[in-house]
Amino acid sequence: MPSPTRLRPKRQGSSLVLLLGLLLAITALPGGEAAAKTVRLMAFGDSLVHGYGLPAGETFPEQLETALREEGLDVMVINAGNSGDTTAAGLARLDWALADEPTAVILELGANDGLRGLDPAATYDNLDAIMARFTEEGLPVLIAGMLAPPNLGREYGDSFNSVFPRLAEKYDAPLYPFFLDGVALEPELNQPDGIHPNARGVAEIVKRIKPYVVALVRDAAGGAQPAQVN
């Protein structure tokens with residue numbers, strides 16, 4: 001019959017295996033650390049995202065992150081806006097932006113294309129290439145649409161305005177039709193240039209787009225995020 005001293009190492013080894021198995025099981029549970037990952041939401045756009053003329057804390061990404069966290073969502077909003085960017089400029093810096101490793105994206109580009117009267121076909125092609133890359137990376141995207149300035153005429157406006165619904169249909173992506181909805185042409189919600197929202201204008205944008213963003217964040221988190229509280 002084996003002596004007790006020879007049995008003791010076997011019992012210790014078995015206990016260690018059981019302990020390791022228990023730790024692994026706990027980590028894999030829905031409430032464990034592995035299941036709680038912050039959604040890295042990249043706002044990829046132009047000056048409307050970057051925060052032209054706004055003080056720290058009042059930009060679109062900052063106000064949006066605050067609003068989402070107030071809903072109980074675990075999210076960090078990355079400011080990937082660059083003032084003056086056209087869709088071509090956005091496409092050119094896409095690799096650099098993706099280095100921030102987002103898990104979801106709000107795509108807001110096209111305003112400068114419209115202001116400069118650039119060819120809507122080129123705007124579509126640039127955004128199409130950007131969306132294709134996001135799709136390749138497996139990133140859920142909310143497309144924030146834009147409208148052409150009315151002074152460019154109906155033909156141009158119809159062509160430009162159709163760019164964003166066409167992209168949303170092609171990529172089966174959610175579309176927020178007009179990023180400046182409720183803010184454009186409202187003097188009290190814009191800076192003196194009449195183009196860029198002030199802090200109150202950004203707050204209005206955040207309020208209106210938030211339900212779309214909540215759905216995007218939940219999609220990126222695989223449904224693990226809390227529901228929106230109205």
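**Aromatic pairs, strand pairing and burial in the predicted model**

Tyr156 and Phe160 lie 4 residues apart in helix H8, so about one helical turn separates them. Helices (H or I, at least four residues) and strands (E, at least two) are DSSP runs, numbered from the N terminus. The structure is a predicted model, in which local features need pLDDT of at least 70 and side-chain atom pairs count only at pLDDT 80 or more, whereas totals for chains, interfaces and linings use all residues. Residues are numbered from 1 along each chain as its sequence is written, and side-chain values use heavy atoms, with hydrogens and water left out.

Helix H8 spans residues 154–161, and its residues Tyr156, Gly157 and Phe160 are buried. Buried denotes under 20% relative accessible area, exposed over 50%, and partly exposed in between (1.4 Å probe, protein chains only). These buried residues of H8 fall within an arc of 100° when seen down the helix axis, so they line one face of the helix; the arc is that of the directions from the helix axis to the C-beta atoms. Arg154 and Glu155, on the other side of H8, are exposed. The cover over the buried residues of H8 includes helix H6 (111–115), helix H7 (120–136) and helix H9 (163–171), contact being defined as heavy atoms within 4.5 Å.

A search of the whole structure gives 5 aromatic pairs. One of them is formed by Phe44 and Phe134, which are edge-to-face at 6.2 Å centre to centre, with 85° between the planes. This pair links distant parts of the chain, with Phe44 in strand E1 and Phe134 in helix H7, 90 residues apart. Phe44 has a relative accessible area of 0% and is therefore buried; Phe134, at 0% relative accessibility, also counts as buried. The ring centres of Tyr156 and Phe160 are 6.0 Å apart and their planes are at 15°, so this pair is stacked. Rings of Phe, Tyr and Trp (its six-membered ring) pair if their centres lie within 6.5 Å; planes under 30 degrees apart count as stacked, over 60 as edge-to-face and the rest as tilted. Tyr156 counts as buried at 15% relative accessibility, and Phe160 at 0%. Tyr156 and Phe160 form one aromatic cluster with Phe164. The charged end of Arg166 sits over the ring of Tyr124, 3.9 Å from the ring centre; this requires NZ of Lys or CZ of Arg within 6 Å of the ring centre and within 35 degrees of the ring normal.

Strand E1 (residues 39–45) is mostly covered, with 6 of its 7 residues buried. Two strands pair if DSSP finds at least two bridges between them. E1 pairs with strand E2 (residues 75–81) in the parallel sense over 7 bridges, and Asn79 in E2 is the bridge partner of Ala43. E1 also runs parallel to strand E3 (residues 104–108), to which 5 bridges join it. Within E3, Ala104 is the bridge partner of Leu41, and Glu108 stands opposite Gly45.

In E3, 5 of the 5 residues are buried, so the strand is largely enclosed by the rest of the structure. Ala104, Ile106 and Glu108 are on one side of E3, and Val105 and Leu107 on the other; both faces are covered.
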